Amino acid sequence: MSGWCCFLLNTTVLTLMEEIYIKRNPPLNLQPEDEKVFKDSYECRYKMNPILHLENSFILQDTVFSPSHMSFYASHTHVNSLGFLPLGKRVAHCMLKKWRKVPHGIWIKDEWSSDYLHWMTDCLPRLWMGLNTGISDRVILNDSFRHLPYVSQSLEILKIKPTYYQSNENLYVEDLVLTPRTSPFPNFNVELTQLSREKLRCKTPKEAFKKVYLSTKYAPKGKALNEVDVELLMRKQGFEIVYAEKLSLKEQIFLMSETKTLVSLHGTGLTNMLFLPETSQVLELRNQDSNNSLCYYNLANALGLDYYYTQNQGDVSNSGSEDLTVNLDALTQVIRQLKD
């Protein structure tokens with residue numbers, strides 16, 4: 001990270017805009033006919049906005065406003081930019097709400113942050129940047145985040161005390177660290193993603209040995225339509241069948257610390273590769289008709305994990321949450337290619 005840059009009234013720019021370059025390895029079992037799916041992701045460049053220190057700023061629900069500059073910071077608080085009308089509606093909506101004064105805090109979220117993948121791979125990296133400034137050790141979150149188990153449990157593991165605010169109040173923050181998104185989705189900041197692994201994972205004295213199939217049987221979306229057959233095949237291949245929804249975050253982290261091979265459908269469960277040892281491998285069961293769902297391939301690369309895949313028939317294309325009919329023959333073939 002770059003150092004102190006400049007001072008603007010009650011706003012301090014803590015880092016320069018940073019250009020990031022990422023180079024990725026192809027899947028280890030890449031088939032020639034699938035080259036077109038992955039090739040555009042082999043290299044990536046993007047710019048990361050600076051970290052800002054705002055004095056005497058307002059938090060109006062999901063936005064941050066500086067009264068001294070009469071300015072919102074939507075580039076730091078939202079994935080999709082907000083126009084004049086949406087911002088005006090937010091101000092009008094918040095005018096009659098009560099106020100609470102907060103001495104300091106770190107802003108790390110956007111409109112996608114309540115999702116498990118985005119919390120783990122974008123919010124937590126933003127938290128590391130915010131903590132690194134030394135200005136605050138508290139994260140500011142809407143009260144709705146209190147009820148997301150992976151949010152409360154991860155913050156407890158990290159010993160981070162959140163400051164929650166209610167939907168019927170605005171916050172006046174004396175010192176606010178406003179962190180930027182660490183990468184445009186579906187990319188991941190390699191350095192900060194690996195730092196998340198280092199801070200959260202459970203280190204065990206023995207080498208990872210388990211073969212785990214994370215079933216999506218109880219997931220609200222992204223299921224295997226032939227799940228019974230998939231589970232039968234995986235058991236025959238020596239895999240443990242796991243339902244992540246039935247485990248606490250600590251239990252999932254410990255399980256991943258012992259996992260040599262992780263297999264799952266494209267979906268939230270694959271976020272748990274974040275807790276795998278560097279020597280582990282990941283097999284993603286993808287939709288053959290989706291060309292825009294490379295986030296878990298990208299995440300595996302960011303973590304330095306061996307990545308394999310199979311192509312499967314989805315009930316729809318390019319939705320990101322398709323139900324799949326898993327190709328059992330292709331799955332069997334790829335399992336034979338995995339490292340013991």
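Figure 1. E231 is buried, with a relative accessible area of 7%. Both R235 and E231 belong to helix 7 (residues 227-236). They sit 4 residues apart, about one turn of the helix. Residues three or four places apart in an α-helix point the same way, because the helix has 3.6 residues a turn. The structure shown here and in the following views is a predicted model.

Figure 2. E174 and K101 form a salt bridge, with 3.3 Å between the closest N and O atoms. The pair links distant parts of the chain. E174 counts as partly exposed at 28% relative accessibility. K101, at 54%, counts as exposed. In total, the rule counts 16 salt bridges. Among the charged groups is a network of salt bridges that links D110, D122, R126 and R181.

**Figure 3. The interface of domain 1 and domain 2.** The domain assignment gives domain 1 as 11-198 and domain 2 as 201-336. Their C-alpha centres lie 27 Å apart. In this interface, 32 residues of domain 1 are in contact with 32 residues of domain 2. The size of an interface is often given as the accessible area lost when the parts come together. Here the buried area is about 2,900 Å². Carbon and sulfur atoms give 61% of that area. The rule also finds 16 residue pairs in polar contact across the interface, both residues at pLDDT 80 or more. Four helices each supply at least two residues of the side of domain 1 that touches domain 2: helix 1 (35-38), helix 4 (116-132), helix 5 (149-158) and helix 6 (190-200). The largest share, 6 residues, comes from helix 6. By class, this side of domain 1 has 16 nonpolar, 11 polar and 5 charged residues.

**Figure 4. The salt bridge of E198 and K203.** Across the interface of domain 1 and domain 2 the rule finds 2 salt bridges. In this view, E198 forms a salt bridge with K203. The closest N and O atoms are 2.7 Å apart. E198 is partly exposed, at 40% relative accessibility. K203 is exposed, at 57%. Side chains of opposite charge can pair when their charged atoms come close.

Figure 5. N272 lies in the loop between strand 14 (259-265) and strand 15 (281-287). It counts as buried because its relative accessibility is 2%, under the 20% limit. The N272 side chain makes a polar contact of 2.8 Å with the side chain of Y116. A polar contact of 3.0 Å joins the side chains of N272 and Q252. Not counting residues up to four places away in sequence, N272 touches Y116, L214, A244, Q252, M256 and L262.

Figure 6. E258 is placed between helix 8 (249-257) and strand 14. This residue counts as buried, at 7% relative accessibility. Leaving aside neighbours within four places in sequence, E258 is in contact with K206, A208, F209 and K210. R181 is 77 residues from E258 in sequence and 31 Å away in space, C-alpha to C-alpha.

**Figure 7. P125 inside helix 4.** P125 lies in helix 4. Its relative accessible area is 1%, so P125 is buried. Apart from neighbours within four places in sequence, P125 is in contact with M120, T182, L192 and S196. P125 and G267 are 142 residues apart in sequence, and their C-alpha atoms are 20 Å apart in space.

**Figure 8. Helix 9 and its packing.** Helix 9 (residues 295-302) is largely enclosed by the rest of the structure, because 7 of its 8 residues are buried. The buried residues are C295, Y296, Y297, N298, L299, A300 and A302. They pack against helix 1, helix 4, helix 6, strand 15 and strand 16 (306-314). G304 follows helix 9, and its phi is positive, near 70°.

Note on methods:
Residues are numbered from 1 along each chain as its sequence is written. Side-chain values use heavy atoms; hydrogens and water are left out. Domain bounds come from an automatic or database domain assignment. Contact means heavy atoms within 4.5 Å. Buried area is the accessible area (1.4 Å probe) that two parts lose on being put together, summed over both. A salt bridge is a side-chain nitrogen of Lys or Arg within 4 Å of a carboxyl oxygen of Asp or Glu. A polar contact is a pair of N or O atoms within 3.5 Å; within protein, one must be able to donate a hydrogen and the other to accept it, and residues adjacent in sequence count only if both atoms are side-chain atoms. Ala, Val, Leu, Ile, Met, Phe, Trp, Tyr, Cys and Pro count as nonpolar, Asp, Glu, Lys and Arg as charged, and the others, Gly among them, as polar. Buried means under 20% relative accessible area, exposed over 50%, partly exposed in between (1.4 Å probe, protein chains only).
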